[in-house]
Amino acid sequence: MKILICIKQVPDMESKFKINADGKWYDRTDLAWRMNEYDEYAVEQAVRLKEQVGEVDLTVLCIGPDQVKETMKKALAMGCDRGVHIADNDSHTREPIEIAAMVADFAKDKNFDIIFTGMQSQDRGSAQVGVMVAELLGLPAITTIVAFTFENGTVQVKRELEGGGKALVSAAIPVVLTCQLGLNTPRYPTLPNIMKAKKKELLTLAVPDLSGIGACQETAACYFPERKGSGIVLEGELPEMADKLIHLLKEKTGVLA
Amino acid sequence: MKTLLVAEFREGKLRVKYSQLIAFAKGLPTEASMFLVGSPNDLPQFDGTLYLADVGKYGEYNPSVHKQLLLDVIAKEQPDLIVFHHSSYGWDLAPRIAVALKAAQISEVVAIEDGVPVVPVCNAKLRRKITSKTAQTILTLQAGAFGMDEDPVGAPTVVPVDTEARGKVECHGYEAAKIEGVDLTKSEVIVSAGRGVGNPENIAIVQALAKALGGEYGGSRPVVDAGWVDHDRQVGTTGRTVTPKLYVACGISGAIQHLAGMKKSEFIVAINTDKDAPIGEVADVFVVADLKQFLPVLTEKLKAL
């Protein structure tokens, strides 16, 4: 079986963000970067499938500047066999359809049986790319999976629904699956696997011809929201903050009556 | 300007949140019609055209078939805007329409400002305004961002729609959400643990505070996924929605899905080392502190009262 896992490198969401010079995205300097959390579940599920089936080749694909190779190495250390890096210093300016077109251009002649990806990225969060890849490749797609099994050429998944219920869905391969948090527990790469990963193939490709694709949308501005409401911020020494909080709870709620 | 609203039918019934789509459309200079794969016995209250496909025939989740039904309606109606909920149904279907129409899709709209959609990015720490450059635009609306003060009224003019398209995805029914154990919706005080607790042992610190306040403890999605807190204590879109007198969010950043589950609490206290955490947008009091240090101090003082 041939599996493709599409991942994205994103900043750690605990970072202190600043707006960049053109006011249209966050400033990419001085941030800690990591694998998009939703994609971690995708990598883990692909690796587990390989452990189950055996004869499975896992390709991890990532689009972005050179720095994304660090994140790709983690995917390789988790168990992917090879990496494909589409070198694109402008990846953060691309629209979802452009990213999907790059992935589809790579995948189109490779006959992947399953394409796993996260259901959205933690930074942009458009939740479009995975489904768009499927549409461009003419493949079925199932989103938001929180459980996965594979048997006899069919994937059986559970889709997570609002309210916590789950829908039981299946499809024959080939199929695109987008992963929701909690699908599995992503493994920490062991040191031996981190060392092995250094020897795995990591190919760099150029951005394909995207003429005729995109130019659908434009960011007008990216900014910090106004803090609404009369929130009181307490800072300083712990005992003083605790006293102030207790005072506020007595004053504003009936909870400490 | 014409708008087509996409309503949802799931687990045997029309999802009443369609009123949010109507509320959104009311805010625009537009003529709205609606599309639904649903049942003629469970119709939305809406004075307009409803393009209705029979859910008995086409299924509740059948992406490529729903896509074709919707594309046929779009070809007929020629809407400028096609509006979905940002939901497990909407984010699954909308991008398929975007690809077919080569149209811009703007996801999880929280507001329209000067005619431009606003969406959250980076765990809602930031906002982005996005303009569409295509003749038709697809929007998905964040749950609860648009709402009506009254229940919707009206009776739609139903236009049935059908298709020969067949799908490759099969549905085998549903697994209900487990609602055993504690019912947080009945608690007046809830103290919730988020990722900031760091490890399962620290849940005890959160439980101790809950006890000192006479309430229950809950958790955000990451701690439930990690197995540190049971699912019946999860607060958020895929857990419980709670409205207690007091909600204390400990080490919870305030992801949209969590906020949706608790932002209507009467009084909200957030304890977090990250001053920029989005939970600050709903907190009445924000304590900038490490919960592992602050909670024990607070708990001791409460016990001494």
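Helices here are DSSP runs of H or I with at least four residues, strands are E runs of at least two, and both are numbered from the N terminus. The model is predicted, so I note that local features need pLDDT of at least 70 and side-chain atom pairs pLDDT 80 or more, whereas totals for chains, interfaces and linings use all residues. Residues are numbered from 1 along each chain as its sequence is written, chains are lettered from A and ligands numbered from 1 in written order, and side-chain values use heavy atoms, without hydrogens and water.

I then looked up the geometry of the pair. The axes of α1 (residues 37–53) and α2 (residues 68–78) of chain A come within 9 Å and cross at roughly 30°; axes are lines fitted to C-alpha atoms over the stretch in contact, with angles from 0 to 180 degrees between N-to-C directions. The two helices are therefore roughly parallel (under 35 degrees; over 145 is roughly antiparallel, 65 to 115 roughly perpendicular, the rest oblique). On the α1(A) side the contact (heavy atoms within 4.5 Å) involves A:E40, A:V43, A:E44 and A:V47, and on the α2(A) side A:K74, A:A75 and A:M78. I classed these residues as four nonpolar, no polar and three charged.

Next I examined helix α1 of chain B, residues 18–26, where eight of nine residues are buried (under 20% relative accessible area with a 1.4 Å probe, protein chains only; exposed is over 50%, partly exposed in between). Among the buried residues are B:Y18, B:L21, B:I22 and B:F24. Their cover includes strands β1 (2–6), β4 (31–38) and β11 (137–141) of chain B.

Finally I looked up two asparagines. A:N20 lies in the loop between β2 (9–11) and β3 (33–35) of chain A and is buried at 18% relative accessible area. Its side chain reaches the backbone nitrogen of A:K24 at 3.2 Å. Beyond four places in sequence, A:N20 contacts A:W25, A:Y26 and A:D27.

B:N202 sits in the loop between β14 (189–193) and α5 (203–212) of chain B. I recorded B:N202 as buried, because its relative accessibility is 14%. The side chain of B:N202 reaches the backbone oxygen of B:V197 at 2.6 Å. With neighbours within four places in sequence left aside, B:N202 is in contact with B:V197 and B:K292.

Methods:
A polar contact is a pair of N or O atoms within 3.5 Å; within protein, one must be able to donate a hydrogen and the other to accept it, and residues adjacent in sequence count only if both atoms are side-chain atoms. Ala, Val, Leu, Ile, Met, Phe, Trp, Tyr, Cys and Pro count as nonpolar, Asp, Glu, Lys and Arg as charged, and the others, Gly among them, as polar.
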